Amino acid sequence: MTMMSMLVPRSNRIFNDLMTDPFDNFFGTMAAPSVKTTPNLMRTDIRETETGFELTIDLPGFDKEGVQAELKDGYLTVTAETKQETEDKKGTYVRQERFSGKCSRTFYVGDDIEEGDIKAKFDNGTLQIDVPKKVAKPEPETSRSISID
């Protein structure tokens with residue numbers, strides 16, 4: 001598996017394209033079905049450099065305390081959680097688009113990457129993660145003597 005294909009996010013979109021909000025048609029917004037998926041809440045750019053990969057993840061509306069990154073079995077999982085403050089307002093929402101809840105994305109980065117290798121920084125709603133490329137260390141050649149009869 002090449003390093004570039006390893007960073008392709010995993011997605012389960014079996015039903016996402018079939019599910020639409022009936023109110024989208026009623027209010028004339030005609031939102032694309034893909035708007036409902038978690039990856040659109042965590043839009044990610046992945047850039048390859050000479051030394052590794054840079055992931056830039058948009059997390060508008062999230063704060064640093066609600067964002068976590070975890071590395072397990074070669075998979076880097078980024079999870080973000082936000083909660084809306086509820087007020088006692090009178091009336092009923094006709095449409096509520098602001099996200100409140102938890103979302104996550106998983107990227108395969110390789111079994112040889114360790115937590116200490118990955119650097120992450122969260123600033124102004126954007127999470128920047130640097131994943132280094134691991135250079136395969138060539139195994140030292142062992143010379144074997146061949147017996148001559």
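Tutor: Keep in mind that this is a predicted model. Let's begin with Lys133, which is partly exposed, with a relative accessible area of 28%.

Student: What does the side chain of Lys133 meet in a salt bridge?

Tutor: The general idea goes like this: side chains of opposite charge can pair when their charged atoms come close. Here, Lys133 pairs with Glu48, at 2.7 Å from N to O. The two partners come from distant parts of the chain, 85 residues apart: Glu48 belongs to strand S1 (residues 44-48), while Lys133 sits in the segment after strand S7 (126-132). Glu48 is partly exposed too, at 43% relative accessibility.

Student: Over the face of which residue does Lys133 lie?

Tutor: That's Phe53, and Lys133 is 5.6 Å from the ring centre.

Student: How many salt bridges does the structure hold?

Tutor: There are three. Another one joins Lys134 to Asp117, with the closest N and O atoms 3.0 Å apart. Lys134 is in the segment after S7 and Asp117 is in the loop between strand S5 (101-108) and strand S6 (119-123), so this bridge ties together parts 17 residues apart in sequence. Both ends are partly exposed: Lys134 has 37% relative accessibility, and Asp117 has 23%.

Student: And which residue does Arg47 meet in a salt bridge?

Tutor: Arg47 meets Glu54, side chain to side chain, at 2.4 Å from N to O. Glu54 has a relative accessible area of 21%. The cut-off for buried is under 20%, so Glu54 counts as partly exposed.

Student: Now for Arg105. Is Arg105 buried or exposed?

Tutor: Arg105 is buried, yet it has no salt bridge. You'll find this residue in strand S5. Its nearest side chain of opposite charge is Asp45, 8.3 Å away.

Student: Then what does the side chain of Arg105 make a polar contact with?

Tutor: One partner is the side chain of Thr44, at 3.2 Å. A polar atom of the Arg105 side chain also lies 2.9 Å from the backbone oxygen of Met42.

Student: One last thing, about rings. How many aromatic pairs does a search of the whole structure find?

Tutor: In general, a pair of aromatic rings is described by the distance of the centres and the angle of the planes. In this structure, the search finds one such pair.

Definitions and conventions:
Residues numbered from 1 in each chain as written. Predicted model: local features only at pLDDT ≥ 70, side-chain atom pairs only at ≥ 80, totals over all residues. Heavy atoms only, no water. Salt bridge = Lys/Arg side-chain N within 4 Å of Asp/Glu carboxyl O. Buried < 20%, exposed > 50% of the residue type's maximum accessible area, 1.4 Å probe, protein only. Helix = DSSP H or I, 4+ residues; strand = E, 2+ residues; numbered from the N terminus. Lys, Arg positive; Asp, Glu negative; His and termini not counted. Polar contact = N/O pair within 3.5 Å; in protein donor to acceptor, adjacent residues only side chain to side chain. Phe/Tyr/Trp six-rings, centres within 6.5 Å; stacked < 30°, edge-to-face > 60°. Lys NZ or Arg CZ within 6 Å of the ring centre and 35° of its normal.
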